[in-house]
Amino acid sequence: MKATEILSQEHQVILQVLDCLERIIEEATSTGTLEAQPARDAIEFFQMFADKCHHGKEEAHLFTAMEAKGFPRTSGPTGVMLMEHESGRAFVRGMNEAVEAAAQGDRAAVQRFAQSGRNYVDLLRRHIEKEDHCLFGMANQVFSEQDQHDLLTAFEKAEAEHTAAGTHEKYLAVAGALAQRYGTATQCAPDACHGCSCGH
Ligand SMILES: [Fe+2]
Ligand SMILES: [Fe+2]
């Protein structure tokens with residue numbers, strides 16, 4: 001397996017929780033009150049799994065390996081991806097700042113939560129599409145066998161740290177519970193599923 005395939009599998013879990021966030025926002029805007037616990041769970045998943053674990057691996061290992069092959073940090077594709085990670089963090093902060101008041105039925109806070117959430121869903125879906133269909137292919141074209149091996153080793157090390165801390169499993173379980181609740185679980189083929197929350 002290539003390192004970028006691990007990232008693409010994580011994208012499937014993130015996309016599933018983005019679908020859940022969309023349902024959370026629809027419910028909140030139609031009822032006027034945000035349901036607190038699923039919203040808090042989704043925010044924590046985006047902060048920990050999507051940002052700390054997933055974007056962490058991209059920023060610390062994949063993007064730096066691409067830049068070592070000549071991709072410019074500020075103006076190239078990895079620079080755009082880094083800027084989008086930052087924009088995503090701002091939208092998650094926006095949701096987090098509004099979540100408690102929105103759960104109390106504060107209509108303005110519900111609107112702020114919904115706006116930040118919709119912006120985040122749009123941004124991250126487009127970001128994942130670019131990585132899966134463009135950036136990862138560029139990376140795999142320039143990496144040697146040794147580069148691929150080194151990157152996979154770095155990912156495994158990062159993953160072992162997260163697994164030791166219980167982070168990875170905890171947030172896969174959070175994603176699975178949200179997907180069950182909102183009926184957004186993906187249907188993977190059993191032999192093609194590696195680590196998403198479909199239950200295989
Ligand atoms: Fe990314
Ligand atoms: Fe990604």
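**Close-up 1. The end of helix α5 and the residue that follows.** Helices are DSSP runs (H or I, at least four residues), numbered from the N terminus. The structure is a predicted model, in which local features need pLDDT of at least 70, side-chain atom pairs count only at pLDDT 80 or more, and totals for chains, interfaces and linings use all residues. Residues are numbered from 1 along each chain as its sequence is written, while chains are lettered from A and ligands numbered from 1 in the order in which they are written. Helix α5 has 20 residues and spans 28 Å from its first C-alpha to its last, close to the 28 Å expected at 1.5 Å a residue; the expected span is 1.5 Å times one less than the number of residues.

Close-up 2. With 29 residues, helix α1 (residues 3–31) reaches 43 Å from its first C-alpha to its last, close to the 42 Å expected at 1.5 Å a residue. Glycine 32 follows α1 and has a positive phi, near 90°.

**Close-up 3. Packing of α1 against α2.** The axes of α1 and helix α2 (residues 36–68) lie 10 Å apart at an angle of about 155°. Axes are lines fitted to C-alpha atoms, for helices over the stretch in contact, and angles run from 0 to 180 degrees between N-to-C directions. The angle therefore makes α1 roughly antiparallel to α2, a label for angles over 145 degrees. Their crossing is left-handed, that is, the near helix is turned anticlockwise from the far one by less than a right angle (right-handed if clockwise). Residues of α1 including Leu7, Ile14 and Ile24 take part in the contact with α2, whose residues there include Phe45, His54 and Leu62; two residues are in contact if their C-beta atoms, placed from the backbone, lie within 7 Å. The contact comprises 13 nonpolar residues, one polar and three charged. Ala, Val, Leu, Ile, Met, Phe, Trp, Tyr, Cys and Pro count as nonpolar, Asp, Glu, Lys and Arg as charged, and the others, Gly among them, as polar.

**Close-up 4. Packing of α2 against α3.** Helix α3 (residues 77–103) packs on α2 at about 165°, with the axes 10 Å apart. The two helices are therefore roughly antiparallel, and α2 passes α3 in a left-handed crossing. Twelve nonpolar, five polar and six charged residues form this contact.

**Close-up 5. Packing of α2 against α5.** The axes of α2 and α5 come within 11 Å and cross at roughly 155°; α2 and α5 are therefore roughly antiparallel. This crossing is right-handed. Among the α2 residues that meet α5 are Cys53, Gly56 and His61, and the α5 side includes Asp147, Phe155 and His162. The contact holds seven nonpolar, three polar and two charged residues.

**Close-up 6. Confidence along the chain.** The chain averages a pLDDT of 91, and 92% of its residues score at least 70; pLDDT is the predictor's confidence in each residue, from 0 to 100. Residues 189–200 have pLDDT below 50, and this stretch has 24 contacts in the model beyond near neighbours in sequence. Where pLDDT is low, the predicted coordinates should not be read in detail.

Note on methods:
Angles under 35 degrees count as roughly parallel, over 145 as roughly antiparallel, 65 to 115 as roughly perpendicular and the rest as oblique.
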